[in-house]
Amino acid sequence: MDWQGQKRVEQLMQILLVISGVVAVVVGYTTESFRTMMLIYAGGVVLTTLVTVPNWPFYNLHPLKWLDPSEAEKHPKPQVVVAPKKKFSKK
Amino acid sequence: MHSFGYRANALLTFAVTILAFICAIASFSDNFSNQTPSAQIQILNINWFQKQPHGNDEVSLTLNITADLQSLFTWNTKQVFAFVAAEYETSKNALNQVSLWDAIIPEKEHAKFWIQISNKYRFIDQGHNLRGKDFNLTLHWHVMPKTGKMFADKIVMSGYRLPNTYR
């Protein structure tokens, strides 16, 4: 999954779960049925799982552009120069 | 969110957190229910009233209990536990409570009832203070929820009196 896809997945997951929760409480309270509330919420969790957990193609619409190997050789990674450490001796 | 396992874990933990919120809201909604229970208890007969070998008084009663506890049931109620206690004062204890009968009411339909029985549990005093004793019969109930806070309340019925001599 690419970066854009991951962001979408996180937002979708949170929104879908919160909406499932809200709808479940409202419907359960108005129908005076605890069972209905739990069933609606369970259904919402299953739906969210199906939408957000598998790696669907629409989460891969902005793939990362890796450099070609030959391009990478022309621009080598900069080397970090380590300065020699001074040793202090106690008098 | 970079892997299947990561997303599955995130979803599971968030879903359980929201479930906890849902249950808290369901429990909180119980505060808005309008509860109007009613009850009456009659003592039909005092079957016997004796002093036990160890010196404690014991009395056996036939009770007629009428109650309507239907308004206590909400959408978040699993069952209602109701019990009748005899309450009285002695020189040794400021309050004595002796449970005489109890029942578990699992559904609203069973909550309006009329029952005539002798006491389910023995009415035994700590001592021999029951002759001529005035006592209250209190119907207590505990509304046990499916999730959340349990509510308990009672109706006190006074004016009952035991005879002055053993029978």
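Predicted model: local features only at pLDDT ≥ 70, side-chain atom pairs only at ≥ 80, totals over all residues.

Residues are numbered from 1 along each chain as its sequence is written, chains are lettered from A and ligands numbered from 1 in the order in which they are written, and side-chain values use heavy atoms, with hydrogens and water left out.

Chain A contains three helices and zero strands, helices being DSSP runs of H or I with at least four residues and strands runs of E with at least two. The UniProt record, an unreviewed entry, assigns the feature "transmembrane region" to residues 12-31 and 38-59 of chain A; such annotations may be inferred rather than shown by experiment. Residues 12-31 of chain A are 100% helix, with end C-alpha atoms 28 Å apart. Residues 38-59 of chain A are 68% helix, and their end C-alpha atoms lie 30 Å apart.

The radius of gyration of chain A is 26 Å, whereas a compact globule of 91 residues would have one near 12 Å; the radius is taken over C-alpha atoms, and the globule rule is 2.2 Å times the number of residues to the power 0.38. Along the principal axes, the C-alpha atoms of chain A fill a box of roughly 80 × 50 × 15 Å.

Of the 91 residues in chain A, 24% are buried, that is, under 20% relative accessible area with a 1.4 Å probe, counting protein chains only.

Terms used: Buried < 20%, exposed > 50% of the residue type's maximum accessible area, 1.4 Å probe, protein only.
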